[in-house]
Amino acid sequence: MELNYTPYRFTSTDGYIQTTVPVCLRKTIDSYIKQSSEPAHSHLVGHIKKEFFLNGLEKDEMWVDLITSCCQVYLQEFPVFDDHIQFILNKSNINAPFKLDTPWVNKMKKYEFNPIHRHSGLFSYVMWLTIPFNLQEELNYFKNTKSNRASTFEFVYSTSIGVQQHSINVDKNYEGELIVFPASQLHCVYPFYTSNKERVSIAGNVNINI
């Protein structure tokens, strides 16, 4: 699959790529969300009451094509990470394709959050489907705060000068956006405060099919 994407770099070796999910595929994802009923809490760290596995989406041909294409693009943009994967493949003496694990949906309500954590596997992804708030309204809720993080998605990474953060200021403009990043990358999601509706996102991991 050919991608229109944007790479975001924290350092020469760390970052993520972002792309927009086609509308037709978003409708497919919505259908999986409507059918989801298996709780995913025991596998996740989120302080979120509604988290469900999206069984079957990991086998959907269009979704698999999109996610694996994003992984390949990441390797092109961040060749140091590609070296890490090649080491794993060489050690296993295989040339294995990527394999998607079962993804899950987060239906986050006001005040719920995802504490800082990392995922399993090689790559992880997050896609936002519904974001029921305006970023500026969220920031105004704590407008006198020195470093306002209300409602943001944030990466945490290390550099030679210490621990740094990279915030993604998600709001309604991010509906349909997808990011892909190394599963080992620490990240968190801060709570929102100005809407009584749910913020709906999906996430998942990608492994090597050994």
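Tutor: Start with a definition: two strands pair if DSSP finds at least two bridges between them. Keep in mind that this is a predicted model.

Student: What makes β6 and β11 a pair?

Tutor: 2 bridges join β6 to β11 (residues 186–189). At least two are needed, so the strands pair. They run antiparallel. Asn114 stands opposite Val189 in β11.

Student: What is the order of the strands in the open sheet?

Tutor: The order is β6-β11-β8-β9, with antiparallel pairing. The 4 strands form an open sheet.

Student: Why is one side of β6 and of β9 left without a neighbour in the sheet?

Tutor: β6 (114–117) and β9 (162–168) stand at the edges. Each has a single partner strand, so one side of each stays without a neighbour. From one strand to the next, the twist averages 20°.

Student: Now the rings. How many aromatic pairs are there?

Tutor: The structure holds 19 aromatic pairs. One of them is Phe98 with Phe123.

Student: Why is that pair called edge-to-face?

Tutor: The centres are 5.9 Å apart, and the cut-off is within 6.5 Å, so the rings pair. The planes are 80° apart.

Student: What does the pair tie together?

Tutor: Phe98 lies in β4 and Phe123 in β7, so the pair ties together parts 25 residues apart in sequence. Both residues are buried.

Student: How do you know that the charge of Arg9 is placed by a ring?

Tutor: Its charged end sits over the ring of Phe78, 5.2 Å from the centre. The distance cut-off is within 6 Å, so that value passes.

Key. Residues are numbered from 1 along each chain as its sequence is written. This is a predicted model: local features need pLDDT of at least 70, side-chain atom pairs count only at pLDDT 80 or more; totals for chains, interfaces and linings use all residues. Side-chain values use heavy atoms; hydrogens and water are left out. Rings of Phe, Tyr and Trp (its six-membered ring) pair if their centres lie within 6.5 Å; planes under 30 degrees apart count as stacked, over 60 as edge-to-face and the rest as tilted. Buried means under 20% relative accessible area, exposed over 50%, partly exposed in between (1.4 Å probe, protein chains only). A charge sits over a ring if NZ of Lys or CZ of Arg is within 6 Å of the ring centre and within 35 degrees of the ring normal. Axes are lines fitted to C-alpha atoms, for helices over the stretch in contact, and angles run from 0 to 180 degrees between N-to-C directions.
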